[in-house]
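This report describes the packing of a protein chain, from its nonpolar cores to its helix contacts and backbone geometry. Please consult the sequence and the structure shown below while reading.

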Amino acid sequence: MEGLDKLLANKRHSSKTSDPNLNGSLQPQPSPSANWFSSKSSKKISMSSVTSIIDGLKRLYIQKLKPLEVTYRFNDFVSPLLTNSDFDAKPMVMLLGQYSTGKTTFIKHLLRTSYPGAHIGPEPTTDRFVVVMSGVDDRSIPGNTVAVQADMPFSGLTTFGTAFLSKFECSQMPHSLLEHITLVDTPGVLSGEKQRTQRAYDFTGVTSWFAAKCDLILLLFDPHKLDISDEFKRVITSLRGHDDKIRVVLNKADQVDTQQLMRVYGALMWSLGKVLNTPEVVRVYIGSFNDKPVNESAFGPLGKELFEKEQDDLLSDLKDIPKKACDRRINEFVKRARAAKIHAYIISHLRKEMPAMMGKAKTQQKLIDNLAEEFGKVQKEFHLPPGDFPNVEHFKEILSGYSFDKFEKLKPKMIQVVDDMLGYDIPDLLKNFRNPYD
């Protein structure tokens, strides 16, 4: 925790000791964030020990899992096929929230400087998805260019079309923190029909795509904007299956006094309970993540100490991301393999239900209308957990564009290959190459 202690000490004196404006331009300042991943609790590792596990996963994917995905069109229904850059990418942290909840300011707070193309203001300023990565110099790369670069893990975003890629960009800058993690800044979630009708791309779909790739998702809330709109609810619902990655941050908490903060915290927990639908209580971090010192006039020294402890906990979570990246990558790989198996069972079952000659169109429509029942048949036949099945309505939408009699029949050998991979190959990989941060 050595680096975090320095960060807190730096925050106390930031107004006196730091001046981000140098010669009229913003320059990265030497800051304790540079030491987060080089403190005593984290070992310096060689790239060869990291890529040993990653290379093993690449080989398993190409030889054993990818053939199953291609055969049953997994990339059309669930997720695009993986590339080498998907395995080699740095861990990602995505920030989500309604407009003016402090997402861009949070990134600026972590980096101690603005990233290229950052816009901050009380109105909805960030109008695009911005990936903040490490680079040799400060520059912004347009989305269409980023999506076709083989060394970047964003080729899958081409499925959302040019309308989205024109609202997507990559900001590169040399920074010690960005050598370990990549940050994803998002547009503020709007309220009403604006979210769906005035955005030319599928915002929820893009968010879901990034959620699958990210290692941590921060949901930011403002004490003055606690209402969770229907659109924000849809976005949070699209994060289902990634609950372990979600952290909730009540930002700008020093803008209200102690009594108001108590009421705001209770209201936020009540609102989240309506949306998340889980019996467990979600962890909410309270703080004020900006360049200004904590407003002691509203809270006093005890309130300032509370903020510092909460920020310390959240920064510890961020600090642990590279350490957990290897385990996370294996976890996501296993999750993908299970989803591909179930997808193969579903597709082959729909193919089997089609007649040989007459009434194909009528039978196909009947299968789509009763898709939930067909899922139940597949579940019982192969003894599968119901929680692993995809969303019925989403699956119906995609199925309507396909002809079931052109689907592949079930190939037990391919399923067995994936089962063997999960049962033997991945445990062997973990035995041979331990987590390099342990």
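## Nonpolar cores

The largest nonpolar core has 49 residues, of which Phe154, Phe164, Phe168, Phe210, Leu219, Phe221 and Leu272 touch the most other members. A nonpolar core is here a set of buried Ala, Val, Leu, Ile, Met, Phe, Trp, Tyr and Cys residues joined through side-chain atoms within 4.5 Å. Buried means under 20% relative accessible area, exposed means over 50%, and partly exposed lies in between (1.4 Å probe, protein chains only). Helix α12 (residues 258-276) gives the most to this core, with 6 residues. Apart from this core lies another, of 42 residues, including Ile342, Leu371, Phe389 and Val418.

The model is predicted: local features need pLDDT of at least 70 and side-chain atom pairs count only at pLDDT 80 or more, while totals for chains, interfaces and linings use all residues. Residues are numbered from 1 along each chain as its sequence is written, and side-chain values use heavy atoms, with hydrogens and water left out.

## Overall composition

The protein chain comes to 18 helices and 10 strands. These elements are DSSP runs numbered from the N terminus, with helices (H or I) of at least four residues and strands (E) of at least two. Of the 438 residues of the chain, 48% count as buried. Among contacts (heavy atoms within 4.5 Å) between residues at least 6 apart in sequence, 82% join residues at least 24 apart.

## Aromatic residues

The structure holds 24 aromatic pairs. Rings of Phe, Tyr and Trp (its six-membered ring) pair if their centres lie within 6.5 Å; planes under 30 degrees apart count as stacked, over 60 as edge-to-face and the rest as tilted. For Phe77 and Phe407, the ring centres are 6.4 Å apart and the planes stand at 70 degrees, so this pair is edge-to-face. Because Phe77 lies in helix α4 (residues 74-77) and Phe407 in the loop between α17 (392-399) and α18 (412-432), the pair ties together parts that are 330 residues apart in sequence. Phe77 is buried at 4% relative accessibility, and Phe407 is buried at 5%.

One aromatic cluster is formed by Phe129, Phe154, Phe160, Phe164, Phe168, Tyr201, Phe203, Trp209 and Phe210.

## Helix packing

Helix α14 (residues 321-353) and α18 have axes that come within 10 Å and cross at roughly 170 degrees. The axes are lines fitted to C-alpha atoms, for helices over the stretch in contact, and angles run from 0 to 180 degrees between N-to-C directions. Angles under 35 degrees count as roughly parallel, over 145 as roughly antiparallel, 65 to 115 as roughly perpendicular and the rest as oblique. Helices α14 and α18 are therefore roughly antiparallel. From α14, the contact involves residues including Ile330, Phe333, Val334 and Ala337, and from α18 residues including Ile415, Val418, Met421 and Leu422. By class, this contact of α14 with α18 has 12 nonpolar, no polar and 3 charged residues. Ala, Val, Leu, Ile, Met, Phe, Trp, Tyr, Cys and Pro count as nonpolar, Asp, Glu, Lys and Arg as charged, and the others, Gly among them, as polar.

The axes of α14 and α16 (residues 371-382) come within 10 Å and cross at roughly 110 degrees, which makes the two helices roughly perpendicular. Among the residues that meet are Tyr345, Ile346 and Leu350 in α14 and Leu371, Phe375 and Val378 in α16. The contact of α14 with α16 divides into 7 nonpolar, 1 polar and 5 charged residues. For α16 and α17, the axes come within 10 Å and cross at roughly 105 degrees, so α16 is roughly perpendicular to α17. Leu371, Ala372 and Phe375 of α16 make this contact with Val392, Phe395, Lys396 and Leu399 of α17. By class, these residues are 6 nonpolar, no polar and 1 charged.

## Arginine positions

Arg73, in the loop between α3 (47-71) and α4, has a phi near 55 degrees, a positive value in a residue other than glycine. Arg73 is partly exposed at 27% relative accessibility. Arg112 also has a positive phi, of about 65 degrees, although it is not a glycine. Arg112 lies in the loop between α6 (103-111) and β4 (129-134) and is buried, with a relative accessible area of 12%.
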